[in-house]
There are 2 protein chains.
Amino acid sequence: MRIGVLGAGQLGRMLALAGYPLAKEFVFYDMSGSPSVGLGEVIVDREGKYLDDFLSRVDRVTYEFEHLPVDVAEKLARQKIVHPCPRALQVCQNREAEKTLFGQLGIPTPEWKMADSAESLRAAAEALGCPVVAKSVTEGYDGKGQAVLKDPSQAEAAWAAIGHPKVIVEKFIHFQREVSIIAVRSEDGDVAFYPMAENTHHEGILRYSIAPAPGLQPAIQKDAEKYIKALLNELNYVGVLTLELFETENGLMANEMAPRVHNSGHWTIEGAMTSQFENHIRAVSGHALGNVAARGISCMINIISEHGDIERILELPYAHLHLYDKGERPGRKLGHINVLADSYEELIWRVRNCAQFLPGSPEFKNSLATRG
Amino acid sequence: MRIGVLGAGQLGRMLALAGYPLAKEFVFYDMSGSPSVGLGEVIVDREGKYLDDFLSRVDRVTYEFEHLPVDVAEKLARQKIVHPCPRALQVCQNREAEKTLFGQLGIPTPEWKMADSAESLRAAAEALGCPVVAKSVTEGYDGKGQAVLKDPSQAEAAWAAIGHPKVIVEKFIHFQREVSIIAVRSEDGDVAFYPMAENTHHEGILRYSIAPAPGLQPAIQKDAEKYIKALLNELNYVGVLTLELFETENGLMANEMAPRVHNSGHWTIEGAMTSQFENHIRAVSGHALGNVAARGISCMINIISEHGDIERILELPYAHLHLYDKGERPGRKLGHINVLADSYEELIWRVRNCAQFLPGSPEFKNSLATRG
């Protein structure tokens, strides 16, 4: 079976590395003009001329990013099986649609309002109570197109900074930590849930994911499973779906979802019985799902901006290096390291030891360290 | 770094899958006319016209099989770094040279003699005492070019069946089981040893490898490490080396070595901290070696001749499928399954359960089952 992947970055690369052992072949469709996938066949098509050619070459279609125009996804879905479905893309591309769906399915979120001008942004900030976070309703990711308002008087400046005709305004919530759940649904409707991860961001970019999330109450994992299962079933979704959440004193609140394999699931390559990448390929190919159980305790460390001392990292007996074969650039994800351990205490020591060879890495803060 | 691999079969495929996450790229050089690697760049060159072109494209050279002409390897080594060294190839291509080297390094082997005619084969069989195994001194593998003599009178027929001008005659030994050790040596001379595997062959082809080998005495592992280390250092070897041995009442006896990643090490993909494939790539690229410790207990099951019921195998929560994307053919290796467990009892049950979906698989016999 030949799988067509829309997008040709590191997620596509890791999908292919997981898919070859299942006898899948890959064709990547790149709209950026700078594919980095480094394996498989790549069709570079900035002007959208070769989409039909791409389609004729593949048996099924999936994607590694959610910024594909929905009309393109729908066109594809009329000719080939496309997983996940275009509706999932549509929801994920629009924060209003996403939060509305969360509400319809009983998934708690921070309070939110829409604004379409500086004045209505100010009014929303006043009504919700500052601080609030304003985000462009479409097209934002990795902290871009966002502004925090500490006071309604900052509405004018925030509006100008975001520069988008429609924004969602969310009440700032006090959370204990950021977490995510990754689930996978098969064509037969089977669903499997990975253990949740605890995520640490820095300058809007994910830096560390620990899984299973330390000290997580089983009831919290169950809540997250209930929420993501509701999304999967409502969307008749096939493949891997990620839901980012805040853990608060009052339980979980959903932040956003991603209709794809996710950076906070990279730990699954060595840290779970079946990686998120293999499970996505299994699902979109119509196979049974693989075992999602954790193997030990993992922390994924992102390699951002510069590679650091790769040779020293390769010497660490508990570190698994995954490079994306990309050039260095500020803020760019160049690879990740999966650190394995048998206890959280050991894990923290190992992650700190490993991170010292990554000069750009922020201090490893996590819920264990702050508790301890 | 771009690594040139001589050969383009499943071993090259698995080397590439392990090498991409280390930011390696791959060019395969295929002399068979039927490459099956399925990824990377492949130069098909049955007539040996494009070897210089291949060399100009790569930074370092390694191989996935030992049947490369030594003069070709030596030519390559004058222009690029070639790991392992051509001398290792030379030794592995000639059973007389191999057994002679074993003897020089104090590695025990069954008693052996050379023969260059039916008469000298008969004399060797009489001197050693039947049964004996006669093998062509070069070019044999997977049980081909071999004959068992139960009586010296069978010399004429055996000589004709082997059809080679020179044979090695080995005394048949009573062994408890077949085992192998895989080791890796870095450019700096560091050496690491995987836990030994217990191997079961059927019709001359490896079927099952259990690792770590059940019930293995630590002293036996130490002996095997001593033997393979002597070979690695004597050959100034860089990369993965495999030594196949018999475990007898009187300790280990060496059978043969392979200068490459080996089928009896496929369990390391999920069953060890670092796979044999990654460690070979690390070594030939000049990096530090990875951790060779086992993760739990593994059994590798080869998929031979036909694929069996792949969909059912994908449903097993403890099975990891590795397909080579090759067409079915009698005796052909099509893939393997790594079965993981926490105990040998659990492993045996799981392997039997998995093997029922592989119609060509022989009964799973192993030292545990016969002891139990």
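Biologist: How many bridges join β7(A) to strand β8 of chain A?
Modeller: In this predicted model, local features need pLDDT of at least 70, side-chain atom pairs count only at pLDDT 80 or more, and totals for chains, interfaces and linings use all residues. Residues are numbered from 1 along each chain as its sequence is written, chains are lettered from A and ligands numbered from 1 in the order in which they are written, and side-chain values use heavy atoms, with hydrogens and water left out. Strands here are DSSP runs of E with at least two residues, and helices are runs of H or I with at least four, each numbered from the N terminus; two strands pair if DSSP finds at least two bridges between them. β7(A) and β8(A) (residues 146–149) run antiparallel, with Lys135(A) opposite Gln146(A), and the number of bridges joining them is 4.

Biologist: How many of the residues of strand β7 of chain A are buried?
Modeller: Buried means under 20% relative accessible area, exposed over 50% and partly exposed in between, with a 1.4 Å probe and protein chains only. Val132(A), Ala134(A) and Ser136(A) point one way from β7(A), whereas Val133(A) and Lys135(A) point the other way, and all are buried. Strand β7 (residues 132–136) of chain A is therefore largely enclosed by the rest of the structure, the buried count being 5 of the 5 residues.

Biologist: Which residues are exposed on the other side of α5(A)?
Modeller: In helix α5 (residues 95–104) of chain A, the buried residues are Arg95(A), Glu98(A), Lys99(A), Leu101(A) and Phe102(A). They cover an arc of only 160° around the axis, which puts them on the same side of α5(A); the arc is that of the directions from the helix axis to the C-beta atoms. On the other side of α5(A), the exposed residues are Gly103(A) and Gln104(A).

Biologist: At what angle are the ring planes of Tyr208(A) and Phe364(A)?
Modeller: Rings of Phe, Tyr and Trp (its six-membered ring) pair if their centres lie within 6.5 Å; planes under 30 degrees apart count as stacked, over 60 as edge-to-face and the rest as tilted. By this rule there are 12 aromatic pairs over all chains. The centres of the Tyr208(A) and Phe364(A) rings are 4.6 Å apart, and the pair is tilted because the planes are at 55°.

Biologist: How many residues apart in sequence are the parts that Tyr208(A) and Phe364(A) tie together?
Modeller: Tyr208(A) counts as buried at 1% relative accessibility, and Phe364(A) counts as buried at 3%. Tyr208(A) lies in strand β13 (residues 205–211) of chain A and Phe364(A) in the loop between α12 (344–355) and α13 (367–371) of chain A, so the separation of these parts in sequence is 156 residues.

Biologist: What is the order of the strands in the open sheet of chain B?
Modeller: This sheet has 5 strands with parallel pairing. Its edge strands, each pairing on one side only, are β3 (41–44) and β5 (81–82) of chain B. Strand β4 (residues 60–63) of chain B is joined to β5(B) by 2 bridges, and Arg60(B) has Ile81(B) as its bridge partner. The order is β3-β2-β1-β4-β5.

Biologist: Over how many bridges do β16 and β18 of chain B pair?
Modeller: Strand β18 (residues 333–341) of chain B has 9 of its 9 residues buried. Strand β17 (residues 319–323) of chain B is joined to β18(B) by 5 antiparallel bridges, with Ala319(B) opposite Val339(B). Strand β16 (residues 297–304) of chain B also pairs with β18(B) in the antiparallel sense, and the number of bridges is 8.

Biologist: Which residue of chain A has the C-alpha nearest the axis relating the copies?
Modeller: Copies are superposed by least squares on the C-alpha atoms of residues with pLDDT of at least 70 in both. Chain A can be laid on chain B with an RMSD of 0.0 Å by a turn of 180° and a shift of 0.0 Å along the axis. The two copies are thus related as by a two-fold rotation axis. At 3.0 Å from the axis, the nearest C-alpha in chain A is that of Leu17(A).
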